[in-house]
Amino acid sequence: MSAEYKVDGSIAIITMNNPPVNGLGHVTRHAIVEGVRQALNDPAVKAIVITGAGKAFSGGADIKEFNSPKAFAEPSLHTVINVIESADKPVIAAIHTVCMGGGLELALGCHYRIASPGAQIALPEVKLGILPGAGGTQRLPRVVGLELALNMIVSGTPVASEKLAKTALFNTVAEGDLMTAATAFAHQVADVRPLPKVRDIKIDYPNYEAFLQFSRNTVTAMAGPFPAPLKCVEAVAAAVTRKFDDGIRFERDLFLNLVQTTESKALRHAFFGERAASKLPDVPEDTPIRPIKSVAVIGAGTMGGGIAMNFANAGIPVKILEMKQEALDKGLATIRKNYENTFRKGKLTQEKFDQRVSLITGSLSYDDIAQADLVIEAVFEDMGVKEQVFKKLDSVMKQGAILASNTSTLDVDKIAAFTQRPQDVVGMHFFSPANVMKLLEIVRGKKTAKDVLATVLAISKKIKKTGVVSGVCDGFIGNRMIEQYSRQAGFLLEEGCTPEQVDKAVEKLGFAMGPFRMGDLAGNDIGWYIRKRRYVEKPHITYSKTADLLCEMGRFGQKTGAGWYDYKPGDRKAYPSDVVNEMIVKHSADLGITRRKISDQEIVERLIYALVNEAAYILEEGIATRASDIDMVYLTGYGFPLHTGGPMFYADTVGLPNVVMAMEKYAKGRHGDAWKPAPLLAKLAAEGKTFN
Ligand code: 3H9
């Protein structure tokens, strides 16, 4: 039973109770229908109030059921809504906190709706690659008007209930106790007939055709590879152009088609992947969290400044420590300039601007940061430098403070061993620009305490990052994988590609940036520095020398005005470079390679399958907890196209046996040793299974 039924005088109250958000799963739908039937059969009952227990009215259809027959088992959500709408006693929705998707559709099927202020009202289905499939596209325009409804449905963005108070969506937005207001209202309308139905409301919008055409054009331009937004427009258009029941059938057909698309499956995967990432099997959900009321960041460079901004944006005071006044002043000035730019674009109020700037202060003395609850070092990526910093932190920081390193490749266990409190040491690997990129790789050392992990996971949510936990290994999840991708990109150059051809092939798939444009943005010298270390530590790993030759030419990327591409002053556009292309062709000749024409398909397969194979090792070694964590790393930190669901989901979609077969083909080419399938990949492929 996931809805409770009780009678209070002449009012029946049905309370959906399916934590965490009263998703309208099969059992809940059944319980609602049973409740309504009971109320209709009870002569003492004159009206029915439907509400939700806990922290939501309802978050909508139970998304977890979407891949199972339960999603459409009777009573379907349509049936539930029909039962409510055709009831001969008034049904009132008492809405609070969250009323989304199927939850809002259910409320729209009720005769009356009362809401608490501050309730989030949305039809967010588009964010899952679908559209409202239980009447939302037909009923919402009838109560809030065509334009607002279309905006809400195409964007999926929640609107606060009080902002909708003047629309026909709500009969009342009631201050005070919701249930008291709802039952009082139920008494008031108990004998009013006929019962109002949203389906009977006419949509009045002169010249709707012009508006709909304008919407189609705008949405087509913005939807990218996702089919759902345009289908939302078509469904809403049907609310104006078709009879109600016909519109409902049209909406349902569109919904059923969209649910089956890879794009929708990918978005649902990302939705659950994001939430799964915040859970660790051996860290119970009730693990106590250390309070983080103040933060310190060591290093006022681009990274340190970006990290500090995250905390200030969340209202947490941050002190930045630098060694020299000049560097500190420069760092603080850059932060101020960043906020000024946001303010100038109208994205920050004066009050917020003042607050954020004042939350970030600087210091030249470790003594000033000793009381911080969390300290994150963002100093030079060198073990010797980290050693100095962590020894110092160990001696000055208060007991219980969390000591975090922003290292992107170094061994967090070694860093922890520089202190007497390895349990308090953790990696917090931010991605550049740190105030923008969603990903936060949380690196769990062998001795990192569980409450430290729980705290860092919680704080990552607070600063609006997707926190993904990685074990310790060279490069952690993201950079360890990208190394294999970069190696393939380099080999492709030697074998016949230009940087532009490689970039375009993956950008066509939807990557934010191909490997060479990415290298130019991040700085090619960083990879050079890492490779030099690898040549000593892991001489068996082979790399294309093209990237080293590029760096020897001083072409570090945008920051030096030249990298894989040429750049013009004040222009970030990448122009193909004759000098670089000549260098690449000469290098192929030096190696005795006859350059060949390489297809986009080969480029994409080699780059992505290189990621996937390394990821399979990472999963097998327990560095990542689950395949979806790896997908989240790539979706939020490496510009992997969202509509493909991340590298692991992409491989699952292609079919793992197909991935392995392609790898076997590439194993016959140059550097064939890179294509030995990881045991986990080989096993899953052989068993016909998937990563996710
Ligand atoms: C729909 O309605 C289709 C219909 O039009 C047609 C049908 C025919 N189902 O986000 P949180 C879980 S499509 C199942 O961390 P918050 C979530 O997985 C649906 N589970 O909390 C997590 O579980 P866990 C349209 C759901 O307070 C837990 O709740 N609706 C659902 O930050 C907490 O989630 C949407 O798209 C669900 N519908 O935010 C709403 N929703 O603890 C999507 C949540 O095991 N949901 N869960 O990890 C949201 O936007 C946010 O979750 C919400 C709460 C605002 C509700």
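Predicted model: local features only at pLDDT ≥ 70, side-chain atom pairs only at ≥ 80, totals over all residues.
1. Residues are numbered from 1 along each chain as its sequence is written, and side-chain values use heavy atoms, with hydrogens and water left out.

2. There's another cis peptide bond, from P19 to P20, with omega near 5°. P20 sits in the loop between β2 (11-16) and α1 (26-41). The loop between β2 and α1 also holds N22, which has a positive phi near 55° despite being a residue other than glycine. N22 is buried, at 2% relative accessible area (buried means under 20% relative accessible area, exposed over 50%, partly exposed in between, with a 1.4 Å probe and protein chains only).

3. K464 is not a glycine either, yet its phi is positive, about 60°. You'll find K464 in the loop between α16 (450-462) and β17 (466-470). K464 is exposed, with a relative accessible area of 66%.

4. On to the ligand. There are 27 residues around it, and G102, E105, E125, R275 and K279 come nearest (a residue is near a molecule or strand if one of its heavy atoms lies within 4 Å of it). By type, the shell around the ligand divides into 14 nonpolar, five polar and eight charged residues.

5. An N or O atom in the K279 side chain is 2.6 Å from a ligand oxygen. R275 has a polar side-chain atom 2.8 Å from an oxygen of the ligand, and for K55 the corresponding distance is 3.5 Å. The ligand exposes 1000 Å² when taken alone, and the protein buries 80% of that (accessible areas come from the Shrake-Rupley method with a 1.4 Å probe; for residues, only the protein chains shown count as cover). β5 (98-100), α3 (102-109) and α10 (262-277) are the elements that give two or more residues to the shell. The largest share, three residues, comes from α10.

6. R626 and L280 are 346 residues apart along the chain, but their C-alpha atoms are separated by 9.8 Å. Leaving aside neighbours within four places in sequence, R626 is in contact with A276, A277, K279, P281 and L619 (contact means heavy atoms within 4.5 Å).

7. How many residues of α24 are buried? Eleven of the eleven, so α24 is largely enclosed by the rest of the structure. Its buried residues pack against α10, β16, β17, α17 (476-495), α23 and α25 (647-654). After α24 comes G639, with a positive phi near 65°.

8. Helix α14 (residues 383-396) has 14 residues, which at 1.5 Å a residue should span 20 Å; the end C-alpha atoms are 20 Å apart, which agrees (the expected span is 1.5 Å times one less than the number of residues). D382 caps the N-terminal end of α14, with a side-chain oxygen 2.9 Å from the backbone nitrogen of G384. Buried in α14 are K386, V389, F390, L393, D394 and V396. These pack against β10 (295-298), β13 (374-377), β14 (402-405), α15 (412-417) and β15 (425-430).

9. Last, T448, in the loop between β16 and α16. T448 counts as buried, at 7% relative accessibility. The T448 side chain reaches the backbone nitrogen of G445 at 2.7 Å and the backbone oxygen of V425 at 2.9 Å. Beyond its neighbours within four places in sequence, T448 is in contact with P422, Q423, V425, V426, V443 and L453.

Note on methods: Polar contact = N/O pair within 3.5 Å; in protein donor to acceptor, adjacent residues only side chain to side chain. Helix = DSSP H or I, 4+ residues; strand = E, 2+ residues; numbered from the N terminus. Nonpolar A, V, L, I, M, F, W, Y, C, P; charged D, E, K, R; others polar.
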